[in-house]
Amino acid sequence: MAEQVLIREVGPRDGFQNEPEIVATEDKVRLIDMLARTGLRRLEVTSFVRPDVIPQLSDAREVLHAVDIPDDVSVTVLIPNEKGLENALELRDRFQEVNLFLSASESHNRANVNRSVEESLSGLERVVARAREEGLRCEGVISVAFGCPYEGDVPRERVFGIAKRLVDAGCEEIAFGDTTGMANPRQVREFFEEVELEAQLTAHFHNTRGQGLANVVAALDSGVRSFESSFGELGGCPVPKGATGNIATEDLVSMLHEMGYSTGIDLPKLLECAREVQRVLGRPLTGHLLTAGPVDWHEG
């Protein structure tokens, strides 16, 4: 039996929040419902952030209330702070997991959320405690874990220390983010060979410099079996400029299937979702399968 690789689709949150225009709520709901029927088992659908900060996600309540997601698909929302969690809990029956984020470097954390790393960590420890009281599964997301555009190298010991505090607080999963696409495969392989945590390890790569899938292979070689990606290669990082999108989910799934891994995802259905979001946005997207299509081995 093929070895299983888990994928969380983050496009409806990470992708849409980085679009220059606001995607209509009804389009978001329709696309999320399509994604939920591709075989994906984990979907990050929105974030409870301040509408004046990220207006692209100001319809979080409407989206979460309207989506029709099968029971076997776990719904995730991104939570920035305690206020965000309290807002989300008004719709507690509509989601099962929360993602909580901070940066590994002081400069990026300041630029992103205007807090020190310690301030973010202390706040997230309180958020995790509250979320666990509500029976929610928690993932801690560490941005710029492989390098910071402002500071350069980020010591692994610092990243691992942040991760351990998040695990000690109650996070069952830690995602390490290559937020601005600075990682390379050798670095990724060594990183995951060194990390020691009693938690599920997830890799979140961006394709800013074209190394996203190569970094996935390096992480696979080091035993990682959980990844986050975005259909159509949507997304990026709002700071700094030029930090383009996540690896495309359809490209990731295609590669994993070609390598003999199982994802449980129907690739043609997923590719149709990528084509549909491309149509909704009205511009060409950068996912490779959108141009080339899946590999055809002319079998059967």
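Start with S143, which touches L102, S103, A104, H108, G177 and T179, leaving aside residues up to four places away in sequence. Contact here means heavy atoms within 4.5 Å. S143 is found in strand 5, residues 137-143. Helices (H or I, at least four residues) and strands (E, at least two) are DSSP runs, numbered from the N terminus. S143 is buried, with a relative accessible area of 11%. The cut-offs are: buried under 20% relative accessible area, exposed over 50%, partly exposed in between, with a 1.4 Å probe and protein chains only.

Two notes on the source. This is a predicted model, in which local features need pLDDT of at least 70 and side-chain atom pairs count only at pLDDT 80 or more, while totals for chains, interfaces and linings use all residues. Residues are numbered from 1 along each chain as its sequence is written, and side-chain values use heavy atoms, with hydrogens and water left out.

Now the whole protein. There are twelve helices and eight strands. The radius of gyration is 18 Å, close to the 19 Å that the globule rule gives for 300 residues, so the protein is as compact as a globular protein of that length. That radius is taken over C-alpha atoms, and the rule is 2.2 Å times the number of residues to the power 0.38. The C-alpha trace spans about 55 × 45 × 40 Å along its principal axes. Among contacts between residues at least 6 apart in sequence, 75% join residues at least 24 apart. The accessible surface comes to about 12700 Å², and 48% of it belongs to carbon and sulfur atoms. Those areas come from the Shrake-Rupley method with a 1.4 Å probe; for residues, only the protein chains shown count as cover.

Next, helix 2. Which of its residues are buried? In helix 2 they are K28, V29, L31, I32, D33 and L35. Their cover includes strand 1 (6-9), helix 1 (11-15), strand 2 (42-47), helix 3 (60-66) and helix 11.

Helix 11 needs a closer look. Helix 2 (residues 25-35) and helix 11 (residues 267-281) pack at an angle of about 170°, with their axes 9 Å apart. Axes are lines fitted to C-alpha atoms, for helices over the stretch in contact, and angles run from 0 to 180 degrees between N-to-C directions. The two helices are therefore roughly antiparallel to each other; the classes are under 35 degrees for roughly parallel, over 145 for roughly antiparallel, 65 to 115 for roughly perpendicular, and oblique for the rest. On the helix 2 side the contact is made by D27, R30, L31, M34 and L35, and on the helix 11 side by L270, E272, C273, E276, V277, R279 and V280. By class that gives seven nonpolar, no polar and five charged residues.

Two loop residues have positive phi. N114 has phi near 60° and is not a glycine. N114 sits in the loop between helix 5 (106-113) and helix 6 (117-133), and is exposed at 60% relative accessible area. E233 also has phi near 60°, in the loop between strand 8 (226-229) and helix 10 (249-258). Is E233 buried or exposed? E233 is buried, at 13%.

H298 counts as exposed, at 68% relative accessibility. H298 and V23 are 275 residues apart in sequence and 38 Å apart in space, C-alpha to C-alpha.

Key:
Ala, Val, Leu, Ile, Met, Phe, Trp, Tyr, Cys and Pro count as nonpolar, Asp, Glu, Lys and Arg as charged, and the others, Gly among them, as polar.
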